[in-house]
Amino acid sequence: MVGFFIRKIKFFYSSSPLFRNFFSWFASTPLYFIIMKHKISSQIKKDQKGPFNLVIETSNFCNARCLMCPYKTMKRVKKIMSDEIFEKIISRVKKEKLPINKVFFSGMGEPLTDPKLITRIAAVKKLGFPVRLYTNASLLTAAISQKLVDSGVDEVNISFNGTNPQEYEKIMGLNFQKTVQNINKLIEIKNPRPYGWSFRFLGIKHQSHSPRPFVQISSIVIEENKKSIQKHLKSWQGKVDSVTVSLAHQWGGGVKISSKLKVKSSTREPEQEFGSGLPCTQRGTRAKLKKVYPCRSLWHTLVIDSRGNFVVCCRDYESKYVLGNVITHSFAAIHQSSILEKFRQLHLQHSFNKLPQMCQKCNFPYQGGGEWLMPRALD
């Protein structure tokens with residue numbers, strides 16, 4: 001129930017400019033800043049001990065061409081993760097007894113382009129960890145859906161943007177009818193019969209127990225679909241376990257977003273090269289900065305790309321900020337990386353003008369530090 005209300009709040013934040021403006025005003029008050037300062041300080045001590053989120057990109061091939069994604073301009077070598085790298089991840093997790101909150105099969109590609117995805121999910125589930133799969137569902141055949149359900153995957157987060165074939169195909173470049181059919185088949189396979197008691201609250205169906213996996217439809221608000229978001233929400237309510245709506249991400253300037261939908265940048269000063277340590281100025285004077293809160297993921301999330309590289313953030317789509325490689329570096333070494341620590345300190349000092357565009361144009365820190373208030377179970 002807590003998760004339901006938090007998802008509702010996230011939806012209102014993403015779909016309502018009025019709600020965003022109110023929260024932005026409240027988050028700028030001195031009282032809120034003092035509360036958040038103490039909350040962040042105490043939470044960091046907990047987060048850095050774990051449990052951690054582990055993001056694994058087993059493939060960075062994608063069959064979609066989404067308008068709000070930089071994939072089409074990505075220069076990074078495209079490949080399926082090798083067995084050597086994946087097996088090393090598993091062995092390191094076991095050897096180091098890494099405390100895991102959740103494992104995410106995600107990244108810049110469509111995970112279902114990895115022919116070994118199901119066996120790799122099963123390998124993680126064998127270790128006893130919760131698993132969330134991100135997919136556009138266009139390759140989710142009935143046979144794959146059955147194997148996914150049998151693998152024990154806990155959550156399937158489906159990126160679906162559009163209320164009709166024209167809108168969907170313009171935004172994602174995929175076949176609308178085929179994807180809808182695939183999603184409906186997954187729902188049918190995981191829900192073969194009524195399961196426990198159920199009730200409706202605020203238009204959402206709730207069950208005493210929901211068969212795995214938990215299926216969620218995720219959508220991004222962009223110019224092409226902003227007028228149909230409410231219709232989109234209603235079309236999936238009662239069919240899947242949850243529907244979420246988020247603001248579009250700028251991907252460090254890699255994607256152009258309508259100015260009406262943009263989250264304002266933390267600084268009006270020119271970006272300087274990360275790590276130079278010199279203050280940024282504009283005509284010799286400091287521009288007035290809006291208070292921006294640190295990114296919580298820097299303390300509790302580890303991201304591994306398809307080549308086995310640990311990168312600072314899942315938004316680093318070119319793997320520009322590499323911390324090490326799973327073949328040669330332990331999780332402990334990566335978590336204590338000097339590069340990662342530099343990111344953390346600049347975030348804590350609110351020195352966003354000294355950070356790369358990846359951070360400056362990220363929408364997460366600009367949401368008033370709300371992520372620091374969320375329970376880890378909802379990551």
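1. Phe310 and Phe331 are both buried. This is a predicted model, and the remarks that follow should be read as such.

2. A pair of aromatic rings is described by the distance of the centres and the angle of the planes. A search of the whole structure gives eleven aromatic pairs. One of them joins Phe310 and Phe331 edge-to-face, with 5.5 Å centre to centre and 85° between the planes. An angle over 60 degrees counts as edge-to-face. The pair links distant parts of the chain: Phe310 belongs to strand β10 (residues 309-311) and Phe331 to helix α11 (residues 331-335), 21 residues apart.

3. Which residues form one aromatic cluster? They are Phe160, Tyr168, Phe176 and Trp236. Trp236 also has a charge over its ring: the charged end of Lys239 sits there, 5.6 Å from the ring centre.

4. In helix α6 (residues 142-151), the buried residues are Ser145, Leu148 and Ser151. Viewed down the axis of α6, these residues fall within an arc of 125°, so they line one face of the helix.

5. What do the buried residues of α6 pack against? Their partners are α5 (117-126), β3 (131-135) and α8 (176-190). Just after α6 comes Gly152, which takes a positive phi of about 90°.

How values were computed. Residues numbered from 1 in each chain as written. Predicted model: local features only at pLDDT ≥ 70, side-chain atom pairs only at ≥ 80, totals over all residues. Heavy atoms only, no water. Phe/Tyr/Trp six-rings, centres within 6.5 Å; stacked < 30°, edge-to-face > 60°. Helix = DSSP H or I, 4+ residues; strand = E, 2+ residues; numbered from the N terminus. Buried < 20%, exposed > 50% of the residue type's maximum accessible area, 1.4 Å probe, protein only. Lys NZ or Arg CZ within 6 Å of the ring centre and 35° of its normal. Arc of directions from axis to C-beta. Contact = heavy atoms within 4.5 Å.
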